[in-house]
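Student: Could we go through this structure one question at a time?

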Amino acid sequence: QEEDLGNFSKKMGRRSFLTKSHAYYSSKDQDLEVDKTVAKSQGLAEDLFARIVKNARNHPYRGAYVKDLSKSYPYDKTYSLAKEGDYVILDHDVVLEVNGDLTDDQVQKELGKILGVD
């Protein structure tokens, strides 16, 4: 089922015994999609984040595009992934997989709202 959150539509994803929640957000106004996973602990979130980065680095053609952008953003860790416009963000026990323009100020505001929304 889909929930309307104003600028975003939200669909709940599948949970596991390692996660508190899992949701997909899709912006109605911008080219922005976010996959939000809230892990049961910060350690589990760090493991998920590391696995996503490792999988992106193993991409046969675009692994070199995986970069640490953590100093440029206010989250614990931020990496660009193999596909252009794809990023992964770790913020405490939350992992965000983002498809959009992370340099856009409006996108940053929306990500802040998503981090605060469960």
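Tutor: A residue is called buried under 20% relative accessible area, exposed over 50%, and partly exposed in between (1.4 Å probe, protein chains only). The model is predicted: local features need pLDDT of at least 70 and side-chain atom pairs count only at pLDDT 80 or more, while totals for chains, interfaces and linings use all residues. Residues are numbered from 1 along each chain as its sequence is written, and side-chain values use heavy atoms, without hydrogens and water.

Student: Is Asp-29 buried or exposed?

Tutor: Asp-29 sits in the loop between S3 and S4; strands (E, at least two residues) and helices (H or I, at least four) are DSSP runs, numbered from the N terminus. Its relative accessible area is 64%, so Asp-29 is exposed.

Student: How far apart in space are Asp-29 and Phe-8, C-alpha to C-alpha?

Tutor: In sequence, 21 residues separate Asp-29 and Phe-8. In space, C-alpha to C-alpha, the distance is 8.2 Å.

Student: How far apart are the end C-alpha atoms of helix H2?

Tutor: The expected span of a helix is 1.5 Å times one less than its number of residues. H2 (residues 105–116) has twelve residues and should span 16 Å, which agrees with the distance between its end C-alpha atoms, 17 Å.

Student: Within what arc do the buried residues of H2 fall?

Tutor: The buried residues are Val-107, Gln-108, Glu-110, Leu-111 and Ile-114. The arc is taken from the directions from the helix axis to the C-beta atoms. Seen down the axis of H2, the buried residues line one face of the helix, because they fall within an arc of 160°.

Student: Which residues are exposed on the other side of H2?

Tutor: The buried residues of H2 pack against S2, S3, S4, S7 and S8, where contact means heavy atoms within 4.5 Å. On the other side of H2, the exposed residues are Asp-105, Lys-109, Lys-113 and Gly-116.

Student: Which residues does Glu-110 touch, not counting residues up to four places away in sequence?

Tutor: Glu-110 belongs to helix H2. Its relative accessible area is 4%, so Glu-110 is buried. Leaving out residues up to four places away in sequence, Glu-110 touches Asn-7, Phe-8, Gln-30 and Leu-32.

Student: What arc do the buried residues of H1 cover?

Tutor: In H1, the buried residues are Ala-45, Phe-49, Ile-52, Val-53 and Ala-56. They lie on the same side of H1, because they cover an arc of only 95°.

Student: Which exposed residues does the face of H1 turned away from its buried side carry?

Tutor: The buried residues of H1 are covered by elements including S4, S6, S7 and S8. The face turned away from the buried side of H1 carries the exposed residues Asp-47, Arg-51, Lys-54 and Asn-55.

Student: Which element gives the most to the lining of the largest pocket?

Tutor: With five residues, the element that gives the most is H1.
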